[in-house]
Amino acid sequence: MVPSLQARVERFNYDYADALDQRRYAEWPDFFTADACDYRVVSRENHDAGLPAPLMGCYSHGMVKDRVTMLIKGTLTYRDVNFRHYITNVRADETDAGAISASANFLVMQSDLEGNASVYMVGRYEDQMAIAGDRLRLRRRLVIVDSFSIDNMLAVPL
């Protein structure tokens, strides 16, 4: 049985979330295409106003790799917490050119090392994806955050 496009995109997002939640940051660049790669985190307020300045952006596969290298090496200073991503309302459509346009809502919870949990971030993903071999990969992930205050720096990808 061949899974539907919807099921493939949902599985992609669950694998993406699991890699981040389990701190397998070295896997994060593999979720993106090597030739065209764009990852941006923008506030909903700016996105809705048509203001393109991101809170954080990686515009190439090399920048995506650099983004997690310091996490892997443990040289980045930030408050250490455990994250749990919850991804819902996944929608996926194939465009005329064979590309995939997808979106999803997300909620990221954080728990400090004492076990205190709180909401870290709320928002949605707007994705452009491609089929590379037997895997889906991101050509572009626009992370639109509803949360106005960022409790912890954006060290860990969303």
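The buried residues of helix 1 are Val-9, Phe-12, Asn-13, Tyr-16, Ala-17, Ala-19, Leu-20 and Asp-21, where buried means under 20% relative accessible area, exposed over 50% and partly exposed in between (1.4 Å probe, protein chains only). Helices (H or I, at least four residues) and strands (E, at least two) are DSSP runs, numbered from the N terminus. The model is predicted, and local features need pLDDT of at least 70, side-chain atom pairs count only at pLDDT 80 or more, and totals for chains, interfaces and linings use all residues. Residues are numbered from 1 along each chain as its sequence is written, and side-chain values use heavy atoms, with hydrogens and water left out.

Helix 1 has 17 residues and spans 24 Å from its first C-alpha to its last. This is close to the 24 Å expected at 1.5 Å a residue, the expected span being 1.5 Å times one less than the number of residues. The cover over the buried residues of helix 1 includes strand 1, strand 3, strand 4, strand 5 and strand 6. Just after helix 1, Arg-23 adopts a positive phi of about 60 degrees.

The largest nonpolar core has 40 residues, and Tyr-39 and Leu-158 have the most contacts inside it. A nonpolar core is a set of buried Ala, Val, Leu, Ile, Met, Phe, Trp, Tyr and Cys residues joined through side-chain atoms within 4.5 Å. At least two residues of this core come from each of helix 1 (5–21), strand 1 (38–43), strand 2 (56–58), helix 3 (61–73), strand 3 (82–94), strand 4 (100–111), strand 5 (117–132) and strand 6 (135–145). Helix 1 gives the most, with 6 residues. Leaving aside residues up to four places away in sequence, Leu-158 touches Tyr-16, Leu-20, Tyr-39, Val-41, His-85, Val-108, Tyr-120, Met-121, Tyr-125, Val-143 and Val-145, a contact being heavy atoms within 4.5 Å.

Charged side chains were examined next. A salt bridge is a side-chain nitrogen of Lys or Arg within 4 Å of a carboxyl oxygen of Asp or Glu, and by this rule the count comes to 11 salt bridges. One of them joins Asp-15 and Arg-11 (2.8 Å, N to O). Both residues lie in helix 1, 4 residues apart, about one turn of the helix. Asp-15 is partly exposed at 30% relative accessibility, and Arg-11 is exposed at 54%.

A salt bridge also forms between Asp-35 and Arg-139, whose closest N and O atoms are 3.9 Å apart. Asp-35 lies in the loop between helix 1 and strand 1 and Arg-139 in strand 6, so the pair ties together parts that are 104 residues apart in sequence. Asp-35 is exposed, with a relative accessible area of 66%, while Arg-139 counts as partly exposed at 32%. In a further salt bridge, Arg-40 meets Asp-38 (2.8 Å, N to O); Arg-40 is partly exposed at 22%, whereas Asp-38 is buried at 14%. Asp-18, Arg-24 and Glu-27 are linked in a network of salt bridges.

Disulfides, defined as pairs of cysteine sulfur atoms within 2.5 Å, number 0 in the model. Cys-37 is in no disulfide, the nearest cysteine sulfur being that of Cys-58 at 7.4 Å. Cys-58 is likewise in no disulfide. Cys-37 is buried at 7% relative accessibility, and Cys-58 is buried at 3%.
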